[in-house]
Amino acid sequence: MMNELKQIIIEEILANGPMPLENYMARALGDTAHGYYSKQDPFGKKGDFVTAPEVSQVFGELLGLWGLDFWMKSGPWAEFNLVELGPGRGTLMRDIAHSVKMHPAYLQSAHLHLLETSPVLQEKQNQTLSKVLGDTTPCHWHTNINDLLKACHGMPVIIYANEFFDALPIRQFVQENGMWKLKCVDVKDSELVPVTITDISLTDNLPAAQNFKHGDILETSPQAEAIMTQLANYVADNDGALLMIDYGYTQNQPGDTFQALADHQPVSPYKSPGNADLTAHVNFKRLADIAEDSSCRSSGPTSQRNFLISLGLEQRFESLSLNASSQQKIDLLAARNRLIGIDQMGILFNVLSITKADKALPSGFEEITRDIR
Ligand code: SAH
């Protein structure tokens, strides 16, 4: 049976010409009726991929204590906004809420805001969070960053974003014979195929094509950059901290990081839009530069491994193991290795924090000097 979204995209391309990769990625993930995130819950062992909060509660607990620590160092603020961007199943926020329970004033001071475009996942998050938060900390959902920041009413923010930025659409530019060409999706023999077109309107701010080799690919994410600009401006004006965790790179460099995953396996991103998760690596250097240009301080990026260990990951796993059965001990060790193993999420994932320049330093970055400028 023909995939319905694929059919719609094919008709659009036949009518309007090749579709820029950015638009294709946005449609495949976010199309209101058929997009990947709009129609299903893709997480967990049965889904297409497993994220760190789904691996172990320890991830959310440590991040929860990170926020609590920052709040305490910052005053504490009498009122603030606790925010998550792209909360998936709501697992991270659930574990954050659990971990800070012994300091009830923290959640009582918090207004909870979630950025989520998918109605299916909003509903899932509601189910997960209403159980832990009760009526004292009502949750507000937003579908774009403008609305979310408006609802924060100029109060400080603690913002989490785990595997959010990698889901934002990218542009790809391909160096061909000394010129930048724009990667698009076209139709050939009733299939979607990648092509390149000339579009000089978009290449203005790129580094000179002559400094690259034929075939080199440069990626940008205008949406990620716009969101980071808004977040950094908000933090600079109103105080707070953003913690983002994602896979990505820490130097501006050419490379094709656009990928599709279905059922835990890499697949072609053009085969079945809406049925595979499409992601691209995050340019941490670019996002950190944007934050600093908006008068924020950036800490990191550091590896997920170093960050979680410095927040006390080993001690937390040890204490969970004390009363565990032998099977549970095996599972705990596997989860620990998954989160910090150098051949697993430990090194592939980076952590970056953005804070107001002259205010409290976030914990977890003590060992690291800024190494990406
Ligand atoms: N943070 C979660 C989920 C990561 S998947 C975890 O670690 O498990 C990406 C999440 O971002 C999903 O919840 C998806 O629906 C949401 N998302 C993707 N693009 C978005 C956008 N443009 N605006 C808001 N949410 C988005």
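Me: Which residues do ring pairs link into a cluster?

Reply: First, this is a predicted model: local features need pLDDT of at least 70, side-chain atom pairs count only at pLDDT 80 or more, and totals for chains, interfaces and linings use all residues. Numbering runs from 1 along each chain as its sequence is written, and side-chain values use heavy atoms, leaving out hydrogens and water. Rings of Phe, Tyr and Trp (its six-membered ring) pair if their centres lie within 6.5 Å; planes under 30 degrees apart count as stacked, over 60 as edge-to-face and the rest as tilted. Linked that way are Trp 66, Phe 70, Trp 71, Trp 77, Phe 80, Tyr 106 and Tyr 160.

Me: What kind of pair do the rings of Tyr 36 and Tyr 37 make?

Reply: The ring rule gives 14 aromatic pairs. For Tyr 36 and Tyr 37, the centres are 5.2 Å apart and the planes sit at 70 degrees, so the pair is edge-to-face.

Me: How much of the ligand's exposed area does the protein bury?

Reply: A backbone N or O atom of Gly 86 lies 2.7 Å from a ligand nitrogen, and one of Gly 88 lies 3.0 Å from a ligand oxygen. Alone, the ligand exposes 570 Å² (Shrake-Rupley method, 1.4 Å probe). The share buried by the protein is 94%.

Conventions
Polar contact = N/O pair within 3.5 Å; in protein donor to acceptor, adjacent residues only side chain to side chain.
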